[in-house]
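Me: Hi! I have a model open and would like to talk through it with you, one topic at a time. Shall we start?

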Amino acid sequence: MSEHWDDNFVDALRENLPDGEALVDLDEEASLSDLGLESINMISLMMRLEGDYDISFPDDAVSFATFATPIALWNTVCELRVSEARPA
C-alpha cells in the first residue's frame, strides 16, 4: 500500500488495467494511459471507485486529466469524499 492511497484503490486500478496484475509498485506519476487505461476501462474504474468510496464523479471530473496518473485520480477521489461527506 502506498502512503497516498489504500489497497482498494490499487485493486481497482489493477482490475481495470490490461496488465494490472503485473503491477507490483505503482508510481504515483505513472501515466495510466501508458499502462493501458482506455475510455471503456476508465468508465469501469470510475464506477468501481464510486461504489467503493460512496462518491459520484461529476461530469467535469470525468476527464483524461482526472485519470492521467494514479495520484491525480486519488486526489480527485479524496476531494469528492470530503465534498460529499454527509453529516452524521
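Me: Which backbone nitrogen does the side chain of Thr 69 reach?
Reply: The backbone nitrogen of Ala 72, at 3.1 Å. Keep in mind that this is a predicted model.

Me: Where is Thr 69 found?
Reply: Thr 69 sits in the loop between H2 and H3.

Me: And is Thr 69 buried or exposed?
Reply: Thr 69 counts as buried, because its relative accessibility is 13% and the cut-off for buried is under 20%.

Me: Which residues does Thr 69 touch, leaving out those up to four places away in sequence?
Reply: Glu 28, Glu 29, Ala 30 and Leu 32.

Me: Let's move on to H3. How many residues does H3 have, and how far does it reach?
Reply: H3 has 14 residues and covers 20 Å from its first C-alpha to its last. That is close to the 20 Å expected at 1.5 Å a residue.

Me: Which residues of H3 are buried?
Reply: Pro 70, Ile 71, Leu 73, Trp 74, Thr 76, Val 77 and Leu 80.

Me: What do the buried residues of H3 pack against?
Reply: They pack against helix H1 (7-16) and H2.

Me: Now the core. How many residues are in the largest nonpolar core?
Reply: It has 24 residues. Those with the most contacts inside it are Phe 9, Leu 13, Leu 45, Leu 49, Phe 57, Phe 67 and Leu 73. H1, H2 and H3 are the elements that give two or more residues to this core. As background, nonpolar side chains in soluble globular proteins tend to be buried together.

Me: What does Leu 13 touch, again not counting residues up to four places away in sequence?
Reply: Leu 13 touches Leu 26, Leu 32, Leu 45, Pro 70 and Leu 73.

Me: Aromatics next. How many aromatic pairs are there?
Reply: The count comes to four. One of them joins Trp 5 and Phe 9, with ring centres 5.4 Å apart and planes at 40°, so this pair is tilted. Trp 5 and Phe 9 are both buried.

Me: What about Tyr 53 and Trp 74, how are their rings arranged?
Reply: Their ring centres lie 5.8 Å apart and the planes make an angle of 75°, so this pair is edge-to-face. The pair links distant parts of the chain, since Tyr 53 belongs to helix H2 (residues 39-53) and Trp 74 to helix H3 (residues 70-83), 21 residues apart.

Me: Are those two buried or exposed?
Reply: Tyr 53 is buried, at 9% relative accessible area. Trp 74 also counts as buried, at 8% relative accessibility.

Me: Which residues do the ring pairs link into a cluster?
Reply: Trp 5, Phe 9, Tyr 53 and Trp 74.

Me: OK, charges. How many salt bridges does the structure hold?
Reply: Two. In one, the side chains of Glu 15 and Arg 48 meet at 2.8 Å, N to O. Glu 15 lies in helix H1 and Arg 48 in helix H2, so this pair ties together parts that are 33 residues apart in sequence.

Me: Which residue forms the other one with Arg 48?
Reply: Asp 52, with the closest N and O atoms 2.7 Å apart. Asp 52 and Arg 48 are separated by about one helical turn, because they are four residues apart in helix H2. Through shared partners, the salt bridges join Glu 15, Arg 48 and Asp 52 into one network.

Me: Last topic, backbone angles. What is phi of Asp 54?
Reply: Phi of Asp 54 is near 55°, a positive value in a residue other than glycine. For context, most residues other than glycine have a negative phi.

Me: Where does Asp 54 lie, and is it buried or exposed?
Reply: Asp 54 lies in the loop between H2 and H3. Asp 54 is exposed, with a relative accessible area of 55%.

How values were computed:
Residues are numbered from 1 along each chain as its sequence is written. This is a predicted model: local features need pLDDT of at least 70, side-chain atom pairs count only at pLDDT 80 or more; totals for chains, interfaces and linings use all residues. Side-chain values use heavy atoms; hydrogens and water are left out. Rings of Phe, Tyr and Trp (its six-membered ring) pair if their centres lie within 6.5 Å; planes under 30 degrees apart count as stacked, over 60 as edge-to-face and the rest as tilted. Buried means under 20% relative accessible area, exposed over 50%, partly exposed in between (1.4 Å probe, protein chains only). A polar contact is a pair of N or O atoms within 3.5 Å; within protein, one must be able to donate a hydrogen and the other to accept it, and residues adjacent in sequence count only if both atoms are side-chain atoms. Contact means heavy atoms within 4.5 Å. The expected span of a helix is 1.5 Å times one less than its number of residues. A nonpolar core is a set of buried Ala, Val, Leu, Ile, Met, Phe, Trp, Tyr and Cys residues joined through side-chain atoms within 4.5 Å. A salt bridge is a side-chain nitrogen of Lys or Arg within 4 Å of a carboxyl oxygen of Asp or Glu.
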